[in-house]
Each structure stands twice: as structure tokens, then as C-alpha cells.
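Here is a short tour of the structure shown below. Keep the sequence beside you as you read, and follow along in the 3D view.

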Amino acid sequence: MDISVLLQATINGLLIGGVYSLVAVGLTLIFGVSRIINFAHGEFLMLGMYLAYYVNAKLGLSPYISVLICIPLFMALGAVVQTVLVNPVMKGPQDIQILLTVALALFLQNAALRFFYPTVRGLSIRSSTYSLSVGNTLISFPRLAASIAAIGMILALYSLLRYTGIGKAIRACSEDREGAFLAGINVGRIFAVAFGIGIACAGIAGALIAPFYPLSPFTGTVFTLTAFVVVVLGGMGDFLGALFGGFLIGVCESLAAIFIPASLKQVVSFGLFVLILLFRPSGLFGRKREWLTV
Amino acid sequence: MSGSPFRLSGPGAIGYVGWGILVLAACLSLVVPFLLSPYVLHLIILVLLYAYLSQCWNIVGGYAGQLSLGHALFFGTGAYTSTLLFLHYSVTPWAGMLIGACCAATLGLAIGFLCFRYGLKGPYFALVTIAFAEMARLVALNVTVLGGASGLQIPLHEGAGAAVFQLSNLSAYYVIYGMTILSVLIVNAMRHNSIGYFLLAIREDELGAEAVGVNPRKYKLVSLVASAFLTALGGTFYAQYYLFLEPNSSLGIGVSITFAVNAIIGGRGTILGPILGSLLLTLSGEFTRSLVTYGGAGVHMMIFGAILMFTCIFLPEGMVPTIAKRLNPKRTC
């Protein structure tokens, strides 16, 4: 085994890991605030990819510009989903909440199948093939750009949650709904905002990976499951846990693909997932709280 | 019982009317298939198959209250085990069925032991069951003996007791019919036995149940193993009836979701629920599938997803408990 192969795999893993982190941060935010496990998370990523694809195909704009379109669009979409679909079941039994998001995932996936057709597409822009060579390893430009942009988004969200008024309100809602309500926070609106931000994370991640990841209506499922793995690894509701978990899973999958067939690499992350759930259900970092921690 | 804090009547009671309907339907359905066209009979077989499978799911998902979204693992295990035995050793599907069911029960035992030993509940349990089923699907996709992505074709075979499943819809109908009746009888017996009450107690308040001396870990495990065993029997029927087995349609997450959805929409923790759910969803599924020619691929599942969301929001308890409440508002179920 050549050491440069391992190095290359690690680099690739770290690069895709940034994207995993962004998707997982969105999922963990939604869970932390409204205790909803969003099974449709990957489907929003898929929609983000289609947005980038069509913006590029029809308007000729770079997918990195469509990120800017993504943010308001997906925030509004998320807010609508929360208000219309999720709110009515918030007080209901947990399995109904899960079933609702599963149904939403089915709906979105098949709507994509209906309107965008099952063709596997690829978005290719000029920079898709660029890469930097460092020593014996190659760093592909679109992956690097996606990773850097994803980390930038995560940091921006982190400061939003940590230092702004709305961030404080979101954290308050997640820690104690009644308390936040009594303190005069419009809890319903905060839920909508949090869901919107969570969905926007997935949508942005979709737009960012569009230049190098094949796109089909079924792309989302893999990311939903991966995001679960990452979130559980970091501890559900743990913001920084999701950030590190993303990189960890990215590297694990990438290294595993050297030793076993690439199509089996997910078995490794699922195995890891089961072990973590069984033996460290509070996540690798052993947090005890259930709410969103930033 | 109105106003009583105890839920002895429980949401599972179906009452005399319910039993009357069931018995009547049972008698009718022994005769009717002779009169039906093959396509209608095929539809009825599908309804019965999914009613059976959802009833099996109901034991653990409805009565024990443990949301499993990985029952495809047991279904697929049953299907693959009996099919491989049939293909390579000409073992009759009847024996393969039982062997597959034992394998699935063992898997259920292992998974249940791990999950309940470490206290996984609610969404965490659901996620672990998904993870196990997905691992099995990925392995099946990549292992040549299991047919890989192209799947396994099951040849027609007159001997080895397979003809019952394969050669005529009519005999297959009676097999799945018997299995469905069996599942109803088992679930009913369970409900009126101490174990049924223990499971209800665990579902409603696990700590409380433990405090009065019920061992939640043990009974949840029993329910999962029983459910896995029965689900696997359905897997063998599916493989022998369709004569084709492929990872995504036997181990995929969509399969697990179908079982759960039928039971939840019909009313989880009720005997009639899974049957009603399967009847409505399978038939409406077949109907909307026929719309595909007008609407294009995907329309059928889009409608399904929309119906599902609608039900979650407006009928969170499922149809049977909601109807029961309407008919008899005094009863505390």
C-alpha cells in the first residue's frame, strides 16, 4: 500500500466531509430546536442540486452564484414546511412525526422524478476539471471550493446562533419552549426560522456539490442517511459535534473505499453508527443535554 | 369504562361488530376467488400479503410501541434464505420458509438484545433498525451468491412443493389467506394473554410498567423476535409468488416503510388496523399506478406521499381508533 494513496483518500475524505458537516449541521439544528428528525433532509439537498443545475443550464450562472439564490428560497420553503406540515404534529406521537417527514421525502423524491425525469445528470462547468497538485496528491478544485464554502457557511451560522438576537432566541426555544414563550419570544416563528435555516443548509450543500456529484431524483437518500450517522456521532443537537462528525465520516468512508468495494463503503459508516448509538448514545463527545448546543 | 384511568379495553379491542365482519369476510373469501379474474385475484393476494406483513409489524410497532423502520431486513432474510436453499439444494419452500424465519428470528434476537440492553428508544431504535436493514441491502447488492444488483430468478419447479406458490394464483391465494388468518389469530391471542397487557403497559409507560414488575426488555425482545419470525414467512411467499428477488425491492427502506405505513394509517395497536390500511393503500396504490400513463413516472408515489402527509396531520391515531371513537365516544379507547 502506497502511502500517497492513503493521503489522497484522506484529503478527499476531508473535502467531502465539509459538505457532510453542513448537511448534518442543518439536521442537528432542526432536531435540537423542534425535536423533529427530518427524514426528508437529503431530498432538500437534491432540490438544491437541481436548482444549481437549472440555474446553470438556463441562465448560464455558476453554481456558486446559485447558492445565493438558494438561501432565501430554501429558508422560505423550510418555513412553509414547518408551518403547514410539521406544526400540526409537533405535539403528536413521535412515530407520526417521523412518518410525516418520511412521507415528505417520498413526495419530494417522486415530484423530482416526475418533473426532472430519472436521467442521471452531471453539471459540468469549466472549473470542474481543475485541480491543484500538492506533492503526489491532487486536490480537485470543485471539491475544495465546496468544502471551503461549506465551512464558511457553518461558521456564519455559528456566529448567527452565538452572537445575534435571533440566535439567542433559537437557543432559548430549544432549551425551554415554555420559558422562551413566557419571555415573549414568538416560539412558532422561531421554529419556522430554525427549520428554514436547517433546510437552507441542505440546499446550499446541494448547490455546492452539483459540479462534481452525479444528480438524480434519488441522490438525496444517501445524504439523509449519512447526515443521521454524522449527527448521532456528534451527539444529537450538538452543533460542533456535527461539524467534526462530518469530517470523521468523510475520512472513514474514503479510507474504507480503498480496502473494500466503493459501493460497500457505507456499510462501514452504518456499522460505526450502530456502535455509537449502542455504546455512546450521547455522541462521541459525551454530551448529556438534549437541546441545541452551540 | 368511561372515565376509568385504566385502559383495559385498550385500543386493540375490535368488538362484536368487528369480529362479525371478520368472520363473514373469512367465509365469503373462501368461495369468492373461483369467480374472480386473475388480475383481481392478484390484487387480493397483494392486499392479503401486505395485511399479513403489516400485522406482523404491528406486534412490535403497534403493541410494543417500538417504531421499527427496518423490517425489510427480516422480510429479505426470509426471502433470500428460502430462495437460496431452493435454488442450490432444491429444498422445498415450505421448509425454506421455516429455516428463513428462524434466521430472521435470530437476527431479531441479536438486534433486539443490543437495542433494548442499551436502552434505545423512539427515534434511536428506528434509526438502528434502518441502519441494519441498509447494511443488509448493501451487502446483498455486492455479493454474487445473492445475485447482486441484477437479482435472483427463481425457476418454475413442479416438485419440491413449490407448485402451490408458483403455478396458480388460486393456490397462492389460499396460502396467503391462511397466513393472514394465522397472523390475526396470533395477534388476538397475544392481546388477550398477559403478554399483550404487558406490551401495552410498556408502550404507555415503560418506567411505570417496570415499577410494577414487568420486565420491559424481555417482552419487547419477545415481540421483536415473534414479529421477525412471522415477517420472514411473508418474505418467502413474496419470493415464490413473484419468482424474482432483488435487493432494493426486498431489503430497501421503502419496504419497511410500507409495512409501517399500512399499520399506522389503519391504526397501530389494533387488529383491524393493518388489514384496513393494507386494503386502502394497496388498492389506491394500484389505482394511482394506472394513472402513470397520463401523468408520467413518479406521479403515483407523489400522490401516495401526499395522502400519507394528510393522514399524519388529520388522523394521527389511524383510521380504526378514530372510527371507533366516533361510533362509541364513551369508551376510553
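## Two helices packed in chain B

In this predicted model, the axes of helix α3 (residues 72-89) of chain B and α5(B) come within 8 Å and cross at roughly 35°. Here axes are lines fitted to C-alpha atoms, for helices over the stretch in contact, and angles run from 0 to 180 degrees between N-to-C directions. Helices (H or I, at least four residues) and strands (E, at least two) are DSSP runs, numbered from the N terminus.

Which residues meet at this crossing? From α3(B) come B:A72, B:L73, B:G76 and B:Y80, and they meet B:F132, B:A133, B:A136 and B:A140 of α5(B). Contact here asks that the C-beta atoms of two residues, placed from the backbone, lie within 7 Å. By class, the residues of this contact are 7 nonpolar, 1 polar and no charged. Ala, Val, Leu, Ile, Met, Phe, Trp, Tyr, Cys and Pro count as nonpolar, Asp, Glu, Lys and Arg as charged, and the others, Gly among them, as polar.

## Where the chains touch

In total, 35 residues of chain B are in contact with 37 residues of chain A. The elements of chain B that give two or more residues to this side are α5 (122-142), α12 (253-266) and α15 (299-314). Its make-up is 29 nonpolar, 5 polar and 1 charged residues.

## Chain A as a whole

Chain A has 11 helices and 2 strands, in the order α-α-α-α-β-β-α-α-α-α-α-α-α from the N terminus. Its radius of gyration, taken over C-alpha atoms, is 19 Å, close to the 19 Å of the globule rule (2.2 Å times the number of residues to the power 0.38) for 294 residues, so chain A is as compact as a globular protein of that length. Of those 294 residues, 53% count as buried, meaning that 20 or more other C-beta atoms lie within 10 Å of their own; 12 or fewer makes a residue exposed, and anything in between partly exposed.

Beyond its neighbours within four places in sequence, A:V23 is in contact with residues including A:H41, A:L45 and A:A205.

## Two loop residues to look at

A:Y117 has a positive phi of about 65° although it is not a glycine. A:Y117 sits in the loop between α4 (94-116) and β1 of chain A, and with 14 C-beta neighbours inside 10 Å it counts as partly exposed.

Is B:S90 buried or exposed? B:S90 counts as exposed, because it has 11 C-beta neighbours inside 10 Å. It lies in the loop between α3 and α4 (93-117) of chain B, and its phi is positive too, near 50°.

## Confidence and numbering

The mean pLDDT (the predictor's confidence in each residue, from 0 to 100) of chain A is 89, and 98% of its residues reach 70 or more. Within chain A, confidence is lowest in strand β1 (residues 131-134), at a mean of 82, and highest in helix α8 (residues 187-209), at 95.

Residues are numbered from 1 along each chain as its sequence is written, while chains are lettered from A and ligands numbered from 1 in the order in which they are written. Because this is a predicted model, local features need pLDDT of at least 70 and side-chain atom pairs count only at pLDDT 80 or more, whereas totals for chains, interfaces and linings use all residues.
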